[in-house]
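Dear colleague,

Please find below the structure that I am handing over to you, together with its sequence. My findings follow it, arranged by topic.

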Amino acid sequence: MREIRTFFKYVIPSIFSFALSGVYAIVDGFFVGNSIGDIGISAINVAYPISAVLQALGTGIGMGGAVYYAISKAEKKETQARKFTAGAMWLLLITSVMLTIITFFLATPLLRLLGAEGELLSLGKEYIAIIALGAALQIIGTGMIPFIRNHGGSFYAMMSMVAGFITNIILDWLFVWIFHQGVAGAAIATIIGQGVTFLTALIYMLRYKQFTLNIPVSNIASISKKIIKIGIAPFGLAMTPNISLIIINRFSILYGGEKAVAVYSCIAYIISIVYLIFQGIGDGSQPIFSKYYGEGNFSSLREIRKLAYWFGIALSLVSCIIMYIARNDIGALFGVSTEVNIEVGQIIPIFLISVPFVAVTRITTAGFYATEESIFSYVLTYIEPVFMLAFMFVLPQLFGGQIMIWWSTVFARVLSAFLALILKSHVDRKKLTV
């Protein structure tokens, strides 16, 4: 019973935090779509993967440091734990500077790479140029959240996200609907909201004396290497829906045109929140996974993981029911045309088939990187877009164009889940036998 209470104490705030991080994009899409129409929501959709890279880097670096922080704490190595905090903070700062420069000056070629041309390119560049200027707020703010969670501040981490989210909504309404600033207004609202999250997270780190940049020069390379080694997987988990988005957009432009991109924009906005909920379960469980792993308590680790699976599958089924019932209203929420809205309602049931499988994959992956099974976490993180790409090169040409783009995503996610279970069984036999 105590383990169940501990699980929900960490997981529920984590779910809300990740869900809110996904709603940032939906809020922008909602206000811009209802202000500009199909072209507006398509521009946000095409540009969003660039913005998502910033958040994913913060998540990856923060989680990489936090995993080793938790393991070191469980092993009673306090000095080592603070070194991982300092190492992560330096990596977050350096990454912020680099990504600000790259994103701002290479916005146009990056957007072209993602398939944007004409007005879509112009609006996307307008959005990304502003997002780039606030890159540090997003990267560092996101990166501090896992440390707050591992320090026992799961509820505070959630409230940091809530504060930023509410700010974003209010400013989107003000800048986009009242001042009619379009995608630029949405971008300004987003970076200010992320700034609020950054400040509230920094206040916690300073108040509890968790923020530190003090690390011996001789330790920088080894600490950074370990953080990056773990962080590659959570970075990938945060990016996978966006990698999938890029792949689906590119093939959809080829087979279905801008209409297909608009259709998937609506579906992606909604379903990505569900995927982030699953990551919330995995990353919310991470402090417990890492603690038990550091203590060598594999029996309790196995029980918490089992609870995470059941909770993830239960939430996936509830989410599928809600999305199915609301399927004919999802497009209208974003102000798209009637034609696009009708197609969203017809297509989204296909995507719902794979949702429970995604829950299994994401929780398994989180369990791997929380316990230093880095290689398996990499495999599960990046194999889904590889499967997806392979299916999309073959199936649409053989069996029906755009409809097989949608089905290719389902096949890839189901196959990834089966691979996750195979790898989990292998690790159980190797490490969790007690």
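Predicted model: local features only at pLDDT ≥ 70, side-chain atom pairs only at ≥ 80, totals over all residues.

**Helix packing**

The axes of helix α9 (residues 217–255) and helix α10 (residues 257–295) approach to within 9 Å and cross at roughly 165 degrees. Because angles over 145 degrees count as roughly antiparallel, α9 and α10 are roughly antiparallel to each other. Their crossing is right-handed. On the α9 side, the contact is made by P234, L237, A238, L245, I248, N249, S252, I253 and Y255; α10 contributes G257, A260, V261, Y264, A268 and Q279. By class, the residues of this contact of α9 with α10 divide into 11 nonpolar, 4 polar and no charged.

A second pair consists of helix α2 (residues 38–74) and helix α6 (residues 135–150), whose axes come within 7 Å and cross at roughly 30 degrees. Since angles under 35 degrees count as roughly parallel, α2 is roughly parallel to α6. The crossing of α2 and α6 is right-handed. From α2, the contact draws on S51, L54, Q55, G58, T59, G62, M63, G65, A66, Y69 and A70. From α6, the residues are A135, Q138, I139, T142, G143, P146, F147, R149 and N150. The contact of α2 with α6 comprises 9 nonpolar, 10 polar and 1 charged residues.

A186 belongs to helix α8 (residues 182–207), and its relative accessibility of 0% places A186 among the buried residues, for which the limit is under 20%. Leaving aside residues up to four places away in sequence, A186 touches D28, V32, Y127, N168, D172 and V176. The C-alpha atoms of A186 and F175 are separated by 6.9 Å, although these residues are 11 residues apart along the chain.

S154 lies in helix α7. Its relative accessibility is 5%, so S154 counts as buried. Beyond residues up to four places away in sequence, S154 touches K9, Y10, P13, I148 and R149.

**Helix α5**

At 1.5 Å a residue, its 16 residues should span 22 Å, and the end C-alpha atoms are 23 Å apart, which agrees. The expected figure is 1.5 Å times one less than the number of residues. The buried residues of α5 are L120, L121, L123, G124, Y127, I128, I130, I131 and A132. Y127, one of these buried residues, is also among the residues that A186 touches.

**Loop residues**

Most residues other than glycine have a negative phi. K209, by contrast, has a positive phi, near 55 degrees, and is not a glycine. K209 is placed in the loop between α8 and α9, and with a relative accessible area of 65% it is exposed.

E372 likewise has a positive phi in a residue other than glycine, with a value near 65 degrees. Its place is in the loop between α14 (355–370) and α15 (374–399). At 32% relative accessibility, E372 counts as partly exposed.

A further loop position is N328, found between α11 (298–325) and α12 (330–333). N328 has a relative accessibility of 44% and therefore counts as partly exposed. Not counting residues up to four places away in sequence, N328 touches N341 and G345. The C-alpha atoms of N328 and V344, which are 16 residues apart along the chain, are separated by 7.1 Å.

With kind regards

Technical notes: Residues numbered from 1 in each chain as written. Heavy atoms only, no water. Helix = DSSP H or I, 4+ residues; strand = E, 2+ residues; numbered from the N terminus. Buried < 20%, exposed > 50% of the residue type's maximum accessible area, 1.4 Å probe, protein only. Contact = heavy atoms within 4.5 Å. Axes fitted to C-alpha atoms, helices over the stretch in contact; angles between N-to-C directions. Parallel < 35°, antiparallel > 145°, perpendicular 65-115°, else oblique. Left-handed = near helix turned anticlockwise from the far one by under 90°. Nonpolar A, V, L, I, M, F, W, Y, C, P; charged D, E, K, R; others polar.
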